[in-house]
Amino acid sequence: MDVSGYLAELVHAQLEGRKPQAVPQGITIEEITDIAKRNHMEYLLLGALLRLDSLSESQVEELRRRVMHSLMRTMTQVTEFRDLEKSFEEAGIKNQAMKGARMKFIYPSPEMREMSDVDILVDAACMKQAAQLLTEKGYTLVQSIKHHDIYKKPPFMVVEVHRAMYDKTVDGGQYKYFSNFSRAVLCEGMQYTYDFNREDFYIYMMAHMAKHFYTMGCGIRNLVDIYVYQEKYGAELNKAYIKEELKKCGILEFVQHMEKLAAIWLKGEKGSMFYADLFRYMLDSGIYGKDENGIWNKFAEKKMHGKEATPRQLKRWYYFPPISYMSEYYPWLEGRSFLLPIAWGIRMGRGIFMNKGAQKRKMLHEIDTDKVKTYQSIYQNMGLHFKK
């Protein structure tokens with residue numbers, strides 16, 4: 001059994017509450033721990049490992065520490081989220097929980113689905129009221145970027161208050177599609193708290209995944225989300241409606257590939273080398289992806305238009321990215337292309353003093369042409385053609 005096969009075994013063991021098979025020869029606990037950490041799957045994967053009898057005392061201690069930290073984080077998040085949702089409702093603040101804050105409760109238990117922060121959509125007219133409420137509850141605004149404000153509260157609570165369900169700098173069409181609570185319905189017994197129905201939540205879940213995949217890549221936890229959602233609601237979903245709406249969003253081909261990959265990995269279906277490459281790519285990306293993935297994507301788009309990108313072009317694009325890429329990190333560039341040289345200067349300055357920048361430059365100097373071609377092939381096959 002290879003790494004992907006054993007990861008699938010651990011996922012199933014935890015979801016089913018059983019002991020997993022023993023760790024196969026050639027796979028280490030440290031390797032699984034690293035994958036779990038990078039993909040925010042510590043409770044899901046390491047919790048399953050803790051059921052094994054063959055672990056050393058030090059391994060049990062380390063795994064238990066990580067699993068308990070994940071559990072405490074989830075318990076705090078769930079408590080805070082429910083309090084915020086209740087407070088927003090009582091204050092008359094129009095709101096809708098996003099992403100993991102809803103997906104957590106679709107898993108057999110909330111701790112199985114980790115999240116780094118709580119994301120809540122708030123009506124634009126209620127943003128000041130929401131800010132005051134969060135401040136009263138001990139949160140501090142630490143950053144206001146793009147389409148959301150980031151609040152923190154010790155020891156590890158992070159709440160992102162979104163002005164829009166979708167990022168318009170990635171795709172204008174999907175931004176409009178999800179705008180103004182237009183796809184949401186009131187929660188039962190509520191006047192100001194909204195949610196998607198099952199079909200629309202799945203569409204949003206996949207749209208959110210596609211956005212991350214397009215900009216920086218995304219990890220294998222997304223495949224578990226697909227599997228869990230399909231296993232719980234698949235027989236009840238209006239698949240014809242979902243298909244038509246995914247077409248409108250321009251992500252039908254992407255979703256079909258991801259559903260197939262989830263079935264290959266977690267249901268044992270047969271797949272081609274393309275899906276093997278895609279899984280390795282996602283496994284390497286981690287939960288938040290990597291900056292260089294956005295570079296491969298842009299160059300894949302070039303190839304789609306009949307142009308073949310060279311390593312030299314790749315380096316030039318890295319040092320002087322177009323405004324479509326830069327506006328992701330410097331929102332003040334929107335509509336102000338004349339400020340692009342200033343943004344390049346800031347980016348270079350940060351790169352010089354940050355280890356992250358050094359790693360990127362190292363990546364550029366050691367370009368693996370075959371690897372780049374593999375990544376470009378992946379992006380081309382996903383059929384993502386987002387437009388501003």
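What does the accessible surface of the protein come to, and what percentage of it belongs to carbon and sulfur atoms? In this predicted model, the accessible surface is about 18500 Å², and carbon and sulfur atoms supply 52% of that area.

**The whole chain**

Begin with a cartoon view of the entire protein. Its secondary structure consists of 18 helices and seven strands. Of the 388 residues, 54% count as buried. Among contacts with a separation of 6 or more, 67% are made by residues 24 or more positions apart.

**Helix α4 and V78**

Next, select V78, which is placed in helix α4, residues 57-91. V78 counts as buried because its relative accessibility is 12%, under the 20% cut-off. Which residues does V78 contact, leaving aside its neighbours within four places in sequence? They are K104, F105 and P110.

**Helix α12**

Move to residues 273-285, which form helix α12. This helix of 13 residues reaches 18 Å from its first C-alpha to its last, close to the 18 Å expected at 1.5 Å a residue. Colour its buried residues: F274, Y275, L278, F279, Y281, M282, L283 and S285. In reading such a pattern, recall that an α-helix has 3.6 residues a turn, so residues three or four places apart point the same way. The pairs F274 and L278, and Y275 and F279, may be inspected with this in mind, as they are among the buried residues of α12. After the helix, select G286, which follows α12 and has a positive phi near 75 degrees.

**Backbone exceptions**

The next stops concern the backbone. Most residues other than glycine have a negative phi, and most peptide bonds are trans.

- Select H40, in the loop between α2 (29-38) and α3 (42-49). H40 is not a glycine, yet its phi is positive, at about 50 degrees.
- Select N180, in the loop between α7 (172-177) and β6 (185-186). Its phi is also positive, near 55 degrees, in a residue other than glycine. Is N180 buried or exposed? N180 is exposed, because its relative accessible area is 69%, over the 50% cut-off.
- Select P154 and P155 together. The peptide bond from P154 to P155 is cis, with omega near 5 degrees. P155 belongs to the loop between β4 (148-153) and β5 (157-162).

**Cysteines**

How many disulfides does the structure hold? The number is zero. C187 has a relative accessibility of 19% and therefore counts as buried, the cut-off being 20%. C249 counts as buried as well, at 5% relative accessibility.

Finally, switch to a surface view and select W332, I342 and I346. These residues make a nonpolar surface patch of about 250 Å². W332 is found in the loop between α15 (323-326) and α16 (340-353). W332 is partly exposed, because its relative accessible area is 33%, and partly exposed residues lie between the buried limit of 20% and the exposed limit of 50%.

Note on methods: Residues are numbered from 1 along each chain as its sequence is written. This is a predicted model: local features need pLDDT of at least 70, side-chain atom pairs count only at pLDDT 80 or more; totals for chains, interfaces and linings use all residues. Side-chain values use heavy atoms; hydrogens and water are left out. Patches are made of residues with over 30% relative accessible area and no salt bridge: like charges are joined within 9 Å, nonpolar side chains (Val, Leu, Ile, Met, Phe, Trp, Tyr) within 5 Å. Accessible areas come from the Shrake-Rupley method with a 1.4 Å probe; for residues, only the protein chains shown count as cover. A salt bridge is a side-chain nitrogen of Lys or Arg within 4 Å of a carboxyl oxygen of Asp or Glu. Helices (H or I, at least four residues) and strands (E, at least two) are DSSP runs, numbered from the N terminus. Buried means under 20% relative accessible area, exposed over 50%, partly exposed in between (1.4 Å probe, protein chains only). A disulfide is a pair of cysteine sulfur atoms within 2.5 Å. The expected span of a helix is 1.5 Å times one less than its number of residues. Contact means heavy atoms within 4.5 Å.
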